[in-house]
Amino acid sequence: MPAVTVENPLTLPRVSAPAGAVPRPALAVSTAPSGFEGEGFPVRRAFAGIDYKNLDPFIMMDQMGEVEYAPGEAKGTPWHPHRGFETVTYLIDGTFVHQDSHGGGGVINGGDTQWMTAGSGLLHIEAPPEELVVTGGLFHGLQLWVNLPKSDKMMPPKYQDIGGGQVRLLTSADGGALIRLIAGDLDGHVGPGATHTPITMMHVSLNPGAEVTLPWRPDFNALAYALAGRGTAGPSGRPFSTGQTVVFGKGDSLTIKADEKQESRSPNFEFVLLGGQPIREPMMQYGPFVMNTHAELAQAFDDFQAGRLGRIPAGA
């Protein structure tokens, strides 16, 4: 970890919060429970137990792995439906192969992001490639679910394949952070992901002992999730570490500091920063369907049962 990096971050554009920016306090820290998804690959449920009012427009996020598969162990997901939201799959290590009922598909490698707008609905499958199953290897990534407003829930499905080389690379004022901006705007720099719901998403590697303070839209919420290592969040220095999520309060800047000593498996403090403009509409979820009303959920399930979300391609 991580797949996309540079030898000298000091060559990158620098970002910092303006003087007088109001720091966001760290309101709460939660620990993600572990579980299994799909055919049995390990996940951490990053947002479990967090009130939706602090997540909106985000619905859930799974940290997939980090796991070192032995030969024959690698697993994926079976065919399954989605409707009413977007999935953002960010792969840090390993490879995933995607296929869907609309004829789409592709390979997601380390450093890549696949942005799938499920919209009106489809069936899809995510699986490790045959060579990873045969040889084994490292697998690690995130899948984030982003809600769609009512006006966009039934839009046609679409995809964005964001290669690792497209991610906007930035650094902090002193060069102690490597910031991979996947989507949204940060201090005038724009990530490659095009979003229906305004959000910001970035993966940050922070050197031991370094601190980063970033400008943050005051109308966005703010969340930090630790992928590896340990540090502190907010002006009061609230501790958080691997598998924990920080919920920030109001303000227009975010501060995170890495501890002087990090885990042996990760030289830096690795975390994801997320922010979004709340949709503030009713959110009803039933498994892979996210709609505004119970009636719409029932309709989604009926449409799936009737094959109206698509059918598994022949030979798949």
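1. Arg308 is exposed, with a relative accessible area of 54%. In this predicted model, Arg308 forms a salt bridge with Asp303, and the closest N and O atoms are 2.8 Å apart. Asp303 counts as buried, because its relative accessibility is 8% and buried means under 20%.

2. The structure holds seven salt bridges. One of these joins Arg265 and Glu66, whose closest N and O atoms are 2.6 Å apart. The pair links distant parts of the chain, 199 residues apart: Arg265 sits in the loop between strand 23 (253-258) and strand 24 (269-276), and Glu66 sits in strand 4. Arg265 is partly exposed at 47% relative accessibility, and Glu66 is partly exposed at 34%. Together with Glu263, these residues are linked in a network of salt bridges.

3. Lys150 and Glu296 also meet through their side chains in a salt bridge, at 2.8 Å from N to O. Lys150 lies in the loop between strand 11 and strand 12 (158-162) and Glu296 in helix 2 (residues 294-305), so this pair ties together parts 146 residues apart in sequence. Lys150 counts as partly exposed, with 47% relative accessibility.

4. The largest pocket holds about 300 Å³ of space. Its lining has 15 residues, and Lys53, Asn221, Lys250, Pro278 and Arg280 lie nearest its centre. By type, the lining divides into six nonpolar, three polar and six charged residues.

5. The second largest pocket holds about 230 Å³. Of its 15 lining residues, Glu37, Thr77, His80, Gln143 and Trp145 lie nearest the centre. Strand 4 gives the largest share of this lining, three residues. The lining divides into seven nonpolar, five polar and three charged residues.

Methods: Residues numbered from 1 in each chain as written. Predicted model: local features only at pLDDT ≥ 70, side-chain atom pairs only at ≥ 80, totals over all residues. Heavy atoms only, no water. 1 Å grid on protein atoms, 1.4 Å probe; cavity = no way out; pocket = protein on both sides within 12 Å on 5 of 7 lines; lining within 4 Å. Points joined across faces, edges and corners; volume = space filled by probe spheres on them. Nonpolar A, V, L, I, M, F, W, Y, C, P; charged D, E, K, R; others polar. Helix = DSSP H or I, 4+ residues; strand = E, 2+ residues; numbered from the N terminus. Salt bridge = Lys/Arg side-chain N within 4 Å of Asp/Glu carboxyl O. Buried < 20%, exposed > 50% of the residue type's maximum accessible area, 1.4 Å probe, protein only.
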